[in-house]
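Please look over the sequence and the model below before reading on.

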Amino acid sequence: MSVPETITVFVPRDAAALAVGADKVAAAIEREAKARNRDVHIVRNGSRGMLWLEVLVEVRTDHGRVAYGPVRAADVPSLFEAGFLAGGDHPLCHGLTSEIPFLKNQTRLTFSRCGITDPLSLTDYRHYKGLTGLQKAVAMPPADIVKQVTDSGLRGRGGAGFPTGIKWKTVADATADQKYIVCNADEGDSGTFADRMIMEGDPFVLIEGMAIAGIAVGATKGYVYTRSEYPHAIAMMEEAIAIARREGILGPSVLGSAYAFDMEVRMGAGAYVCGEETSLLNSLEGKRGIVRAKPPLPALQGLFGKPTVVNNVMSLASIPVIMDRGAQFYRDYGVGRSHGTIPIQLAGNLKHGGLYETAFGLTLGELVNEIGGGTISGRPVKAVQVGGPLGAYFPPALFDTVFDYEAFTAAGGLIGHAGIVVFDDSVDMLKQARFAMEFCAVESCGKCTPCRIGSTRGVETVDKIARGIEPEKNKVLLEDLCNTMKFGSLCALGGFTPYPVMSAMTHFPQDFAPAPVREAAE
Ligand SMILES: Cc1cc2nc3c(=O)[nH]c(=O)nc-3n(C[C@H](O)[C@H](O)[C@H](O)COP(=O)(O)O)c2cc1C
Ligand code: SF4
């Protein structure tokens, strides 16, 4: 009697896939396979990041994985009919996953395993070069790890772009009985999801990165601070941490070495400002999430007053590949002072939204029009907000801006957490400016006056412009208010809110004409 061949089918368990029915698709495949007496092994992988194709089902064949998407449960019988278990043709078939241009043209260093492996399989993780960075780290002097990270040119991916190695050196050089690694997984920026994707799709890479950070600076305890809106990421991280502990990756002897490191996940209550590192630390300590004045720097007096590395998920998840392949390998990617790769998140009104990891250096226009495929509405792009709710709006006239930290600053914007949100010509930029001020008013921690009061005055002033009340005078007032917020706020929430407001006024002056004039023009 011949034993039926087991076919491996991949159905993502990433929140984006779950939201469009991944569990139902997996159940339908199981049901259909049973009914047809086919032996199918379903792996619940992370997402490949091609969100318009979710649920992206893949089948392992002799030639590689074949992709089908977007699959709904109702499509499953027809997939079986078409012989998808052997990679058969079907209207939803995209051929080999690795040949889909959106994926093929990426340089995946941080996301190299995401969507390929079972996120909770250490065997998979090891098979795809996981833990080699940590193995090297435990065998070298901690100062050499810090040097590698410095030499790699890695800059913080959370928003400010501060050199990671310099931050680590400050903590490493501090003397204290306890130091901490805090992973900022709050991911509050609009249109961003890279942190969530890595936590759900390759949690061990973050654990490995944090353990390396701990060894480098002499910290034995780490925390991942994330949001309540990320239940799947939290569950995945907790499971992965438990496995890592069981397997001796975390605990009193990391990979059998003399170094101890352990970590846990903490959940915030959903305030945008709790992504700011000092209010995050307050929140972690069980206090109200209010911004602390700097100095002292968290690197010297952070969590519970101890030297603390606060790094974004992407920064920490980039460490294993840097340790594995070396500083120069990573540094050679990118342009100018922006080294390595950056996981860009394409969102909003786009045909091809998703995660695109690439070396710094593409232009904004290439990202929006070529990789993102232009608007899904088919209407012309009017504005693109880069860097979250505090990021500037770019008009198509600035689409030749190169994706690197300095070029974006020079163009009056910021890269932030590399989220790009696209709007077509139906967007009203005055409303977007109002939204920026309103967002700041709602999310302000209230500690300083320019932000707490300025944002509310900002909403009122935009409303006056919209109603045609002394528009010219109020535009000058709004600009003045923006300058006060920019230069007088304690943190970047108040300090950067002027970016979306001023860029909207500068690049889209027609939207700030009084209402009767705007209506007549429409
Ligand atoms: C209002 C505000 C919100 C922020 N939100 C986040 C966030 O969600 N995630 C993040 O990593 N950094 C966020 N930051 C930046 C952090 O303060 C900090 O710079 C970052 O965690 C440092 O890590 P990195 O050097 O790896 O980027 C925010 C900053 C501000 C002012
Ligand atoms: S700028 Fe706003 S969020 Fe930041 S400290 Fe001041 S009041 Fe708080």
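Ile-181 stands opposite Gly-222 in strand 7. Strands (E, at least two residues) and helices (H or I, at least four residues) are DSSP runs, numbered from the N terminus. This is a predicted model, in which local features need pLDDT of at least 70 and side-chain atom pairs count only at pLDDT 80 or more, while totals for chains, interfaces and linings use all residues. Residues are numbered from 1 along each chain as its sequence is written, chains are lettered from A and ligands numbered from 1 in the order in which they are written, and side-chain values use heavy atoms, with hydrogens and water left out.

Strand 6 (residues 180-185) and strand 7 (residues 221-226) run parallel and are joined by six bridges. Two strands pair if DSSP finds at least two bridges between them. An open sheet of four strands has the order 8-7-6-9, with parallel pairing. Strand 8 (262-267) and strand 9 (308-312) are its edge strands, each pairing on one side only. On average, neighbouring strands of this sheet are turned by 20° against each other, direction ignored. Helix 11 (residues 231-246) lies across strand 7 and strand 8, and runs at about 165° to strand 8. Such angles run from 0 to 180 degrees between N-to-C directions, and the axes are lines fitted to C-alpha atoms, for helices over the stretch in contact (heavy atoms within 4.5 Å).

Another open sheet has five strands in the order 2-1-3-4-5, and its pairing is mixed. Strand 2 (39-43) and strand 5 (93-96) stand at the edges with a single partner strand each, so one side of each has no neighbour in the sheet. The twist from one strand to the next averages 25°. Strand 3 (residues 57-61) and strand 4 (residues 64-68) run antiparallel, joined by five bridges. Val-59 has Val-66 in strand 4 as its bridge partner. Helix 2 (residues 22-35) lies across strand 1 (6-10), strand 2 and strand 3, at about 165° to strand 2.

Is Asn-282 buried or exposed? Asn-282 has a relative accessible area of 7%, so this residue counts as buried (under 20%; exposed is over 50%, partly exposed in between, with a 1.4 Å probe and protein chains only). Asn-282 lies in helix 12 (residues 277-284). Leaving aside residues up to four places away in sequence, Asn-282 touches Lys-287, Arg-288, Ile-290 and Arg-292.
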